[in-house]
2 protein chains.
Amino acid sequence: MLGSSVATGARDADDALAFRDADGTTLEAHLDAIDFRGTDTIDAEEWDAWAELHIEQGTVLESAGASVGVVDAITGITTCAADIVGEADHAGATPMDERRDALVAASEFVVEFRAAADDVAQNRSPTAVGTVGQFDVAPNARNIVPGEVSLQMDIRDVDYGAMDAIAERADAALDGLEAAHPVETDFDRYRDQRPSQMADDCVDAAFDAAAAGDIDAKRMHSAAMHDTANVASVTDAVLLFAPSADGLSHNPREWTDWADCATAATVLAGTLARLAGA
Amino acid sequence: MLGSSVATGARDADDALAFRDADGTTLEAHLDAIDFRGTDTIDAEEWDAWAELHIEQGTVLESAGASVGVVDAITGITTCAADIVGEADHAGATPMDERRDALVAASEFVVEFRAAADDVAQNRSPTAVGTVGQFDVAPNARNIVPGEVSLQMDIRDVDYGAMDAIAERADAALDGLEAAHPVETDFDRYRDQRPSQMADDCVDAAFDAAAAGDIDAKRMHSAAMHDTANVASVTDAVLLFAPSADGLSHNPREWTDWADCATAATVLAGTLARLAGA
């Protein structure tokens with residue numbers, strides 16, 4: 001996502017070149033070393049349209065038996081961190097009614113957060129998802145009442161209002177914890193990337209290209225992030241998916257059949273030709 | 001607790017001598033090195049009575065303003081482990097209704113376990129305590145639906161039936177999780193030390209000794225484990241406590257006033273004298 005963030009002006013080129021890897025080497029030094037550092041700049045706002053082809057990284061196409069996915073929206077992501085602080089104490093010597101158990105409070109929160117995400121997915125936007133994926137207990141010893149829990153929430157949807165609703169209910173649930181338990185809480189919505197809508201004319205061009213080749217294309221959204229999300233903020237864009245076996249991705253077993261690759265490339269070519277007016 | 005377990009026959013002396021430290025050196029080698037390894041055996045069953053003096057490691061005496069604690073029972077400890085297994089999955093690409101989220105299920109369990117411990121403490125035995133102190137989530141990444149949670153429970157009381165009730169409700173709650181969620185659970189009650197009752201004549205001797213010295217002694221139980229718990233299984237025993245400042249223990253700031261040490265030693269001496277018929 002780095003190149004597209006610079007191309008769309010979301011990030012300054014010098015800031016990007018100053019990024020360092022784990023060894024402390026800058027991106028600029030790496031680009032110089034392979035003679036890949038250009039001097040020109042590109043401005044995606046000047047582009048008439050953009051199309052990206054990627055593997056799905058999920059099983060929607062496989063399940064539907066479709067050859068190509070035409071993405072009409074890319075999910076937004078809101079990431080929130082919460083701390084729930086009670087007091088660590090001896091598991092034997094601390095009576096039940098004198099405990100400030102952070103794990104019990106945090107567990108109630110996880111249950112409420114799941115209920116909020118389920119409710120929004122069932123009643124407002126079926127593509128909404130909310131996950132508490134990281135959950136760390138301190139001091140995390142069998143015979144000590146837990147004093148603190150730190151957790152991370154990942155909230156995604158193509159409907160920003162639905163994401164907002166889950167995040168707001170998370171914040172309110174934490175306030176409720178403070179009222180019900182002798183704990184203090186902290187909530188930080190530290191990342192908030194809005195969903196990206198693909199351009200109708202680009203999506204139409206993709207379906208037209210598929211139809212011309214008698215190719216079964218499926219309209220879908222992307223629950224993973226792609227460069228197209230950045231580009232779509234400044235020009236018309238569309239994202240195409242090829243099926244990926246079992247949805248595996250970033251994994252040595254990642255696989256897309258060659259025939260599916262060729263079919264997806266055919267739709268990409270047809271889409272570009274139509275957008276170019278050819 | 002090692003010496004008392006051998007003295008009471010709960011553990012074989014050769015097994016104890018074969019214990020190794022983190023460097024792999026046996027207890028036998030350590031005892032040989034300091035010329036502390038004897039050849040005689042002792043049998044605590046032959047003892048007429050036993051008294052131990054320890055710091056409280058809690059704040060009961062400090063809060064009560066008492067100088068000495070006379071322990072009439074030492075808590076039992078049941079330790080249980082549970083695994084809750086669902087399936088790790090992509091936090092964006094997995095719809096809410098297709099998740100097998102182990103953290104959500106484990107969180108419900110923590111809330112139920114706390115309710116069970118509270119209920120037993122309120123309605124059956126006020127000294128009962130139950131704690132989920134260790135709680136590990138895997139893979140524990142922000143953008144992955146948690147696939148597994150492993151947790152440890154610590155259950156204590158001077159009333160074994162109350163401990164049993166909490167452990168049984170924990171086991172039943174895990175079965176309930178399997179019915180309500182697409183997860184599998186495992187429950188292992190791997191340690192079960194019953195509470196120890198002090199002998200009435202020893203407790204009476206201690207109170208008599210305190211009264212003779214006009215010393216304010218408080219009847220109490222011990223929520224921590226002591227050698228006396230082993231010895232009490234084979235002969236008459238009593239445990240005395242001196243106050244410990246702020247309940248700190250196994251800590252460089254552990255402190256008992258010298259005057260309190262002297263007072264407790266006076267009660268210990270008086271107890272031993274009475275038990276010896278002096």
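Val137(A) stands opposite Val149(A) in strand S7 of chain A. The model in which this pair is seen is a predicted one.

One residue of S7(A), Arg156(A), is the bridge partner of Ile77(A).

In chain A, four strands make up an open sheet with antiparallel pairing, in the order S5-S7-S3-S8. S5 and S8 (184–193) are the edge strands of chain A, and each pairs on one side only. On average, neighbouring strands of this sheet are turned by 15° against each other, direction ignored. Helix H5 of chain A, residues 102–123, packs on the sheet and touches S3, S5 and S7 of chain A. The direction of H5(A) makes about 175° with that of S5(A).

Chain B has an open sheet of four strands in the order S5-S7-S3-S8, with antiparallel pairing. Its edge strands are S5 (129–138) and S8 (184–193) of chain B, each pairing on one side only. The twist from one strand to the next averages 15°. In chain B, Thr79(B) has Asp154(B) of S7(B) as its bridge partner. Helix H6 of chain B, residues 160–180, lies across S3, S5, S7 and S8 of chain B and runs at about 170° to S8(B).

| Strand pair | Sense | Bridges |
|---|---|---|
| S3(B) and S7(B) | antiparallel | 10 bridges |

**Chain A as a whole**

Chain A has nine helices and 11 strands. Buried residues make up 47% of its 278 residues. Among the contacts in chain A with a separation of 6 or more, 78% are between residues 24 or more positions apart. The C-alpha atoms of chain A fill a box of roughly 80 × 45 × 35 Å along the principal axes. The radius of gyration of chain A is 23 Å, whereas a compact globule of 278 residues would have one near 19 Å.

**The two chains together**

How are the two copies related? A rotation of 180°, with 0.0 Å of shift along its axis, superposes chain B on chain A with an RMSD of 0.1 Å. The copies are therefore related as by a two-fold rotation axis. In chain B, the C-alpha nearest the axis belongs to Ser107(B), at 2.2 Å from it. Of the interface residues of chain B, 100% are also interface residues in chain A, so the copies meet through the same surface.

Nonpolar side chains tend to be buried together in soluble globular proteins. The largest nonpolar core here has 70 residues. Those with the most contacts inside this core are Ile84, Phe109 and Phe135 of chain A and Ile84, Phe109 and Phe135 of chain B. Leaving aside neighbours within four places in sequence, Phe135(A) is in contact with residues of chain A including Leu103(A), Val110(A) and Val149(A). Phe135(A) is also in contact with Leu103(B), Phe135(B), Val137(B) and Asn140(B).

How values were computed: Residues are numbered from 1 along each chain as its sequence is written. Chains are lettered from A and ligands numbered from 1 in the order in which they are written. Side-chain values use heavy atoms; hydrogens and water are left out. A nonpolar core is a set of buried Ala, Val, Leu, Ile, Met, Phe, Trp, Tyr and Cys residues joined through side-chain atoms within 4.5 Å. Buried means under 20% relative accessible area, exposed over 50%, partly exposed in between (1.4 Å probe, protein chains only). Contact means heavy atoms within 4.5 Å. Two strands pair if DSSP finds at least two bridges between them. Helices (H or I, at least four residues) and strands (E, at least two) are DSSP runs, numbered from the N terminus. Axes are lines fitted to C-alpha atoms, for helices over the stretch in contact, and angles run from 0 to 180 degrees between N-to-C directions. Copies are superposed by least squares on the C-alpha atoms of residues with pLDDT of at least 70 in both. The radius of gyration is taken over C-alpha atoms; the globule rule is 2.2 Å times the number of residues to the power 0.38.
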